[in-house]
Amino acid sequence: MKAWDHPLIKKGMPLQLAKRRARIAAGEKPFGWKVGLGAPATMEKIGTAAPLVSYLMHGVYLPSGATVSFRNYVKPVVEPEIAVRMGRDLGAGATAAETLAAIKEIGPAIEVVDSDLVTTADNIDVALEGGLFQRHVVLGDKTRAGGSVAGLTSRTTRNGQVVETTTNPEALTGKMLDVIAHVANTLAAFGEKLSAGDTIITGSITLPQIIEAGEKGYTHALDPIGEVTINFVWQ
């Protein structure tokens with residue numbers, strides 16, 4: 001069985017994509033896609049074989065250095081990720097070489113989510129329909145051409161202290177090219193397409209970071225490309 005043939009994925013993805021189409025019809029601009037719930041332990045817990053996929057609209061985008069209010073969040077969480085910008089369309093069944101050739105550039109990202117639902121094996125469709133908890137995606141202006149992750153070091157900072165550093169940013173997410181191909185395959189299975197110009201955030205490099213009351217900000221550096229920062233307020 002293909003990952004997207006899971007019964008609750010087959011139930012939730014059409015509902016999610018119908019919302020996307022309605023939002024586009026109402027005048028919103030699409031931004032790209034995200035994967036979520038893709039850490040090995042999480043997939044084992046909920047009974048999936050690959051990360052789940054959700055759309056992103058342009059309204060989620062924040063430039064590095066922006067401020068987000070957590071006033072109405074249930075459980076604010078941040079995730080350091082690699083953002084991928086597509087240079088070409090990518091269809092189902094693409095090889096690793098074709099996937100690599102379709103990527104225009106990569107750079108550091110932070111996803112801000114509200115973990116307001118405990119995802120279980122029984123409510124995957126609900127998580128998908130709701131967009132996988134997305135609130136914001138923070139991107140900067142520093143990118144690197146192509147899709148290679150060779151030589152990258154991910155470094156995260158909270159409260160002025162470096163808390164996570166890894167020279168293997170694919171350890172938790174799986175190979176980035178596999179993630180991109182999975183997004184393309186999943187979208188094709190439900191009548192959509194991964195298109196040139198789309199931005200994909202490819203999963204949390206570390207375990208998701210729960211933000212504690214009073215914290216002021218978070219930084220994700222993807223050396224040697226650059227870093228992105230988000231500031232927090234609580235009212």
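Me: At what relative accessibility does Asp89 count as partly exposed?
Reply: This is a predicted model, in which local features need pLDDT of at least 70 and side-chain atom pairs count only at pLDDT 80 or more, while totals for chains, interfaces and linings use all residues. Residues are numbered from 1 along each chain as its sequence is written, and side-chain values use heavy atoms, without hydrogens or water. Buried means under 20% relative accessible area and exposed over 50%, with partly exposed in between (1.4 Å probe, protein chains only). Asp89 falls in the middle class because its relative accessibility is 43%.

Me: Which residue meets Asp89 in a salt bridge?
Reply: A salt bridge here puts a side-chain nitrogen of Lys or Arg within 4 Å of a carboxyl oxygen of Asp or Glu. The Asp89 pair has an N to O distance of 3.2 Å. It links distant parts of the chain, 104 residues apart, from the loop between β5 (76-86) and α3 (96-102) to the loop between α5 and β11; helices (H or I, at least four residues) and strands (E, at least two) are DSSP runs numbered from the N terminus. The partner, partly exposed at 46% relative accessibility, is Lys193.

Me: How many residues apart in sequence are the parts tied together by Arg20 and Glu192?
Reply: The side chains of Arg20 and Glu192 meet in a salt bridge at 3.4 Å, N to O. Arg20 belongs to helix α1 (residues 7-25) and Glu192 to the loop between α5 (176-189) and β11 (199-201), so the pair ties together parts of the chain. Both ends count as buried, Arg20 at 10% relative accessibility and Glu192 at 18%. The separation in sequence is 172 residues.

Me: Which residue in β11 is the bridge partner of Lys34?
Reply: Strand β1 is mostly covered, with six of its seven residues buried. Two strands pair if DSSP finds at least two bridges between them. Across to β11, Lys34 has as its bridge partner Ile201.

Me: Which backbone oxygen lies 3.4 Å from a polar atom of the side chain of His136?
Reply: His136 is found in strand β7 (residues 134-139). Contact means heavy atoms within 4.5 Å, and beyond four places in sequence the contacts of His136 include Gly59, Tyr73, Ile110 and Glu111. A polar contact is a pair of N or O atoms within 3.5 Å, where within protein one must be able to donate a hydrogen and the other to accept it, and residues adjacent in sequence count only if both atoms are side-chain atoms. The oxygen at 3.4 Å from the His136 side chain belongs to Val60.

Me: Which strands are the edge strands of the open sheet of five strands?
Reply: The sheet has mixed pairing and the order β4-β14-β13-β9-β10. An edge strand pairs on one side only, and here the edges are β4 (67-69) and β10 (161-166).

Me: Which residue in β14 stands opposite Tyr218?
Reply: Strands β13 (residues 217-223) and β14 (residues 226-233) pair in the antiparallel sense over six bridges. In this pairing, the residue opposite Tyr218 is Ile230.

Me: What is omega for the cis peptide bond that joins Asp223 and Pro224?
Reply: Most residues other than glycine have a negative phi, and most peptide bonds are trans. Pro224 is placed in the loop between β13 and β14. The cis bond from Asp223 to Pro224 has an omega of about 5 degrees.

Me: What is the positive phi of Asn159?
Reply: Asn159 is in the loop between β9 (153-158) and β10, and it counts as exposed at 56% relative accessible area. Leu37, in the loop between β1 and α2 (40-46), likewise has a positive phi without being a glycine, near 55 degrees. For Asn159, also not a glycine, phi is about 50 degrees.
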